[in-house]
Amino acid sequence: MIDFTRKPHYNYADLLEIIRLLRSEDGCPWDKAQTHESLIPCLRNECEEVVQAIEQQDEENLCEELGDVLLQVLLHARIAEEEGQFTMADVVNGLAEKMVRR
């Protein structure tokens with residue numbers, strides 16, 4: 001069983017570790033079973049919920065929904081890392097390089 005110790009404040013590294021643990025051998029059965037393809041409906045739904053929060057000018061819900069979209073990004077990056085394709089660090093680096101280029 002995985003020990004998720006509660007903290008008063010989590011950071012990006014904590015979140016990456018939580019995702020890693022959820023996808024690990026002793027992790028969450030649902031998370032472990034996900035693939036890029038199986039997560040497509042979740043990603044679409046979470047993106048739509050972000051749009052709705054923006055349209056409703058609901059900043060509190062927007063913060064939560066952006067977190068849900070980030071979860072989708074982290075899950076896809078973790079799956080890719082497990083498959084030897086790329087890592088979340090590669091995603092971050094690629095985005096930073098793109099922003100500097102522009």
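Which residue forms a salt bridge with Arg23, and how far apart are the closest N and O atoms? The legends below begin with that pair.

This is a predicted model, in which local features need pLDDT of at least 70 and side-chain atom pairs count only at pLDDT 80 or more, while totals for chains, interfaces and linings use all residues. Residues are numbered from 1 along each chain as its sequence is written, and side-chain values use heavy atoms, with hydrogens and water left out.

**View 1. The salt bridge of Glu82 and Arg23.** Glu82 is the partner of Arg23, and the closest N and O atoms of the two are 2.4 Å apart; a salt bridge here is a side-chain nitrogen of Lys or Arg within 4 Å of a carboxyl oxygen of Asp or Glu. The pair links distant parts of the chain, since Glu82 belongs to helix H4 (residues 59-82) and Arg23 to helix H1, 59 residues apart. Helices (H or I, at least four residues) are DSSP runs, numbered from the N terminus. Arg23 is buried, at a relative accessible area of 12%, whereas Glu82, at 37%, counts as partly exposed; buried means under 20% relative accessible area, exposed over 50%, and partly exposed in between (1.4 Å probe, protein chains only).

**View 2. A network of salt bridges that links Arg23, Arg78, Glu81 and Glu82.** The structure holds five salt bridges. Glu82 also meets Arg78, at 3.3 Å from N to O, and these two residues of helix H4 lie four residues apart, about one turn of the helix. Arg78 forms a salt bridge with Glu81 as well, at 3.5 Å from N to O, and these residues are separated by about one helical turn because they are three residues apart in helix H4. An α-helix has 3.6 residues a turn, so residues three or four places apart point the same way. Glu81 is partly exposed, with 36% relative accessibility.

**View 3. Leu21 in helix H1.** Helix H1 covers residues 12-23, and Leu21 has its place there. With a relative accessibility of 17%, Leu21 counts as buried. Leu21 and Asp31 are ten residues apart in sequence, and their C-alpha atoms are 9.6 Å apart in space.

View 4. The 14 residues of helix H5 (residues 88-101) should span 20 Å at 1.5 Å a residue, and the end C-alpha atoms are 20 Å apart, which agrees; the expected span is 1.5 Å times one less than the number of residues. At the start of H5, a side-chain oxygen of Thr87 comes within 3.2 Å of the backbone nitrogen of Ala89.

**View 5. Cysteines without a disulfide.** With a disulfide taken as a pair of cysteine sulfur atoms within 2.5 Å, the count comes to zero. The sulfur of Cys42 is 11 Å from the closest cysteine sulfur, in Cys47, too far for a bond. Cys63 is in no disulfide either, and the nearest cysteine sulfur, that of Cys47, is 16 Å away. Cys42 counts as partly exposed at 24% relative accessibility, while Cys63 is exposed at 57%.

Terms used. A polar contact is a pair of N or O atoms within 3.5 Å; within protein, one must be able to donate a hydrogen and the other to accept it, and residues adjacent in sequence count only if both atoms are side-chain atoms.
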